[in-house]
Amino acid sequence: MKSKFLAISAAVAITAMASCGAQQTAEQFRNPQARLSSKIDSVSYALGVNIGTDFLKNMPEIDKTAFLNGMMSAMNGDTTFIFPQETAPMLIRGYIQERAQKEAKENLAEAKKFLEENKKKDGVITIDSLGGLQYQVIKEGIGPHPTIDDEVECYYTGTLTDGTVFDSTDKHPDQKPAKFTLKQVIKGWQYGIPLMSVGSKYRFFVPPAIGYGEQVRPGGVIKANNVLIFDVELLSITPKEDKK
C-alpha cells in the first residue's frame with residue numbers, strides 16, 4: 001500500500017508539472033475535452049483518470065472536495081497548507097493502517113461466523129487439530145494419499161464465501177492441471193490434500209489462520225482474514241523419491 005501511494009504522489013507531481021500550475025475552471029471540469037488541445041494535455045488528463053480510478057478502487061470513501069483542494073494548492077505553488085506538507089505521508093500511512101486493521105478485525109468476525117454455521121451443514125467435516133479445516137467429500141477416489149514432501153497434480157477452483165472466483169486452473173492460459181509440492185502452498189492445502197486419495201474431489205473451507213490471514217496483496221480480490229473455499233480434484237502424485 002505504501003508503494004501504491006508513493007506511485008500516486010509521483011503521478012500527481014508529474015501532472016502538476018505538465019499542467020504548469022494552470023487553474024481549472026468549472027466549465028473545464030465539466031467538459032475536459034475542451035482543453036485537450038495538445039499531447040501533454042491528453043497525457044495530463046490520462047494521469048488524472050488513472051489517479052481517480054486508483055483512489056476509487058482503494059479508497060472509495062475519499063472526500064473529493066478536500067482531495068482536489070489539496071492537489072490544486074500544491075499544483076498552483078501555494079505553500080500555505082493547512083498542515084505541514086512533510087506530515088502528509090505519515091497521515092496517509094496512519095489512516096491506511098488503521099483502516100486495514102479495522103477491516104481485518106471485521107473480516108475475522110465474519111469468518112468465524114461463517115465457519116461456525118458451515119460446520120453444521122450435512123457432509124461438512126471439521127478437524128480442529130488441523131487449524132479448524134473444514135471439508136466435504138464430493139467424490140472419493142481409490143488411489144494413494146500424498147505426503148507433505150510429494151508433488152501433486154490437480155484441478156482446482158478457489159472462491160470467496162460470496163462466490164467470487166479468485167483463482168482457477170480453468171482460468172490459466174493452457175487450462176492444464178496445476179503441479180506443485182505441498183510444502184510450497186498454504187497450510188490449508190498442506191493439511192487438506194493429504195486427506196485425499198488420487199481420483200478424489202473435495203471441497204475445502206480454509207480458515208484465515210491456515211489461509212492467507214492478513215498477508216494479502218493490497219487491492220487484490222482476497223481481503224485480510226477471508227475464508228477461502230477450494231474445490232480440488234487430485235489427479236496424480238509424484239513422490240519425493242521419484243522426483244530425485
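In this predicted model, the largest nonpolar core comprises 26 residues. Trp189, Ile193 and Val232 have the most contacts inside it. Five strands each supply at least two residues of this core: strand 2 (133-139), strand 3 (151-159), strand 5 (178-181), strand 6 (201-206) and strand 7 (228-238). Strand 7 gives the most, with five residues. In soluble globular proteins, nonpolar side chains tend to be buried together.

Leaving aside residues up to four places away in sequence, Trp189 touches Cys154, Tyr156, Phe180, Leu182, Pro194, Phe230 and Val232. A second core is separate and has six residues. Among them are Ala111, Leu115, Phe205 and Ile229.

Aromatic contacts were searched next. A pair of aromatic rings is described by the distance of the centres and the angle of the planes. For Phe166 and Phe230, the ring centres lie 5.6 Å apart and the planes stand at 90°. An angle over 60 degrees counts as edge-to-face, so this pair is edge-to-face. Phe166 belongs to strand 4 (residues 165-168) and Phe230 to strand 7. The two are 64 residues apart, and their pairing links distant parts of the chain. Both Phe166 and Phe230 are buried.

Tyr202 and Phe204 make another pair, with centres 5.8 Å apart and planes at 50°. That geometry is tilted. Tyr202 has a relative accessibility of 3% and therefore counts as buried. Phe204 is buried as well, at a relative accessible area of 2%. One aromatic cluster is formed by Tyr156, Phe166, Phe180, Trp189 and Phe230.

Helix 3 spans residues 39-58, 20 residues in total. From its first C-alpha to its last, helix 3 reaches 29 Å. This is close to the 28 Å expected at 1.5 Å a residue. The buried residues of helix 3 are Asp41, Ser44, Leu47, Ile51, Asp54, Phe55 and Asn58. They cover an arc of only 155° around the axis, so they lie on the same side of helix 3. An α-helix has 3.6 residues a turn, so residues three or four places apart point the same way. The face turned away from the buried side of helix 3 carries exposed residues: Lys39, Asn50, Leu56 and Lys57.

How values were computed. Residues numbered from 1 in each chain as written. Predicted model: local features only at pLDDT ≥ 70, side-chain atom pairs only at ≥ 80, totals over all residues. Heavy atoms only, no water. Core = buried A, V, L, I, M, F, W, Y, C linked by side-chain atoms within 4.5 Å. Buried < 20%, exposed > 50% of the residue type's maximum accessible area, 1.4 Å probe, protein only. Helix = DSSP H or I, 4+ residues; strand = E, 2+ residues; numbered from the N terminus. Contact = heavy atoms within 4.5 Å. Expected span 1.5 Å × (residues − 1). Arc of directions from axis to C-beta. Phe/Tyr/Trp six-rings, centres within 6.5 Å; stacked < 30°, edge-to-face > 60°.
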